[in-house]
Amino acid sequence: TSGIGAGIARALQDEGARVFGLDIEPGGAFEHVDCDVRDAASVAAAASTVIDQAGKIDHFVANAGIRGVDKGAEDLAPEEWDAVIDVNLRGVFLSIQAFARPMLAAGHGSIVAIASMSGNRVVNVPQRTAHYNTAKAGVTALVRTLAVEWGPRGVRVNSVSPGYVSTPLLDADSAMHPQWLPQTVPGRFATVAEIAAGTLYLLSDDAGYCHGTDLLIDGGYSLR
């Protein structure tokens, strides 16, 4: 409910959608639903709440994610690995699974998972984030699999892989900006609105032939 997620929610609201934000803490101008994506029962309860209040689910964006510690892989503690995998991969799966069920029952819907260029296109430097990169690669593999399983049943599943995006989280890494910025073609970071626009495209009927698509929005960072 902050950063990219909040930007996507605002863009959906601007298009007239009724937006529910799932999080463990309230935030944003949308309708808050308490949810811990790491917990299957919590996710199921959140899906039931949305169905009870809205009557249906047309779209779902799986945006849950944390970065985790910056630490070499040889020094990562199992609990540090699990903390990121539990949110960024398990949480994405559990939430997509729960919210896809009413879509599959209705025979239509669209889902977008927020992955990352770090999943399949680059290994970030100088930060060391083996847990994060692995989870995001898992998200794109999950999306491709679900696209094949659910597409014939009327539910499209795709992903957006952002590069570096101007958010408060990125601002906290200002010491690394001089290394990252020159690697982008336009010499700037993405705006939240640009990531939201790509997400809305994949959710929309205009992307009706997109199944398992991973939309890379990285400003050409991965081309360097």
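**Close-up 1. Serine 161 sits in strand β5, which spans residues 155-162.** Helices (H or I, at least four residues) and strands (E, at least two) are DSSP runs, numbered from the N terminus. The model is a predicted one, in which local features need pLDDT of at least 70 and side-chain atom pairs count only at pLDDT 80 or more, while totals for chains, interfaces and linings use all residues. Residues are numbered from 1 along each chain as its sequence is written, and side-chain values use heavy atoms, with hydrogens and water left out. Serine 161 counts as buried because its relative accessibility is 0%; buried means under 20% relative accessible area, exposed over 50% and partly exposed in between (1.4 Å probe, protein chains only). A polar atom of the serine 161 side chain lies 3.4 Å from the backbone oxygen of serine 116. Beyond neighbours within four places in sequence, the contacts of serine 161 include Ala115, Met117, Thr140 and Asp214, where contact means heavy atoms within 4.5 Å.

**Close-up 2. Here is the open sheet, with four strands in the order β3-β4-β5-β6 and parallel pairing.** Strands β3 (59-62) and β6 (214-217) stand at the edges with a single partner strand each, so one side of each has no neighbour in the sheet. Neighbouring strands are turned by 20° against each other on average, direction ignored. Two strands pair if DSSP finds at least two bridges between them. Four bridges join β5 to β6, and serine 161 has leucine 216 as its bridge partner in β6. Six bridges join β4 to β5, with glycine 109 opposite valine 155 of β5. Four bridges join β3 to β4, and alanine 62 stands opposite alanine 113 in β4.

**Close-up 3. Strand β4 is mostly covered, with six of its six residues buried.** On one side lie Gly109, Ile111 and Ala113, and on the other Ser110, Val112 and Ile114, all of them buried.

**Close-up 4. Phenylalanine 60 and phenylalanine 99 form a stacked pair, because their ring centres are 4.5 Å apart and their planes are at 10°.** Rings of Phe, Tyr and Trp (its six-membered ring) pair if their centres lie within 6.5 Å; planes under 30 degrees apart count as stacked, over 60 as edge-to-face and the rest as tilted. This pair links distant parts of the chain, with phenylalanine 60 in strand β3 and phenylalanine 99 in helix α3, 39 residues apart. Phenylalanine 60 is buried at 9% relative accessibility, and phenylalanine 99 is buried with a relative accessible area of 3%.

**Close-up 5. Tyrosine 164 and phenylalanine 189 make an edge-to-face aromatic pair, 6.1 Å centre to centre with 65° between the planes.** Tyrosine 164 lies in the loop between β5 and α6 (168-171), and phenylalanine 189 in the loop between α7 (177-180) and α8 (192-203). Tyrosine 164 is buried at 11% relative accessible area, and phenylalanine 189 is buried at 10% relative accessibility. Take in the surroundings too: ring pairs link Tyr164, Trp180, Phe189 and Tyr221 into a cluster.

Notes
Polar contact = N/O pair within 3.5 Å; in protein donor to acceptor, adjacent residues only side chain to side chain. Axes fitted to C-alpha atoms, helices over the stretch in contact; angles between N-to-C directions.
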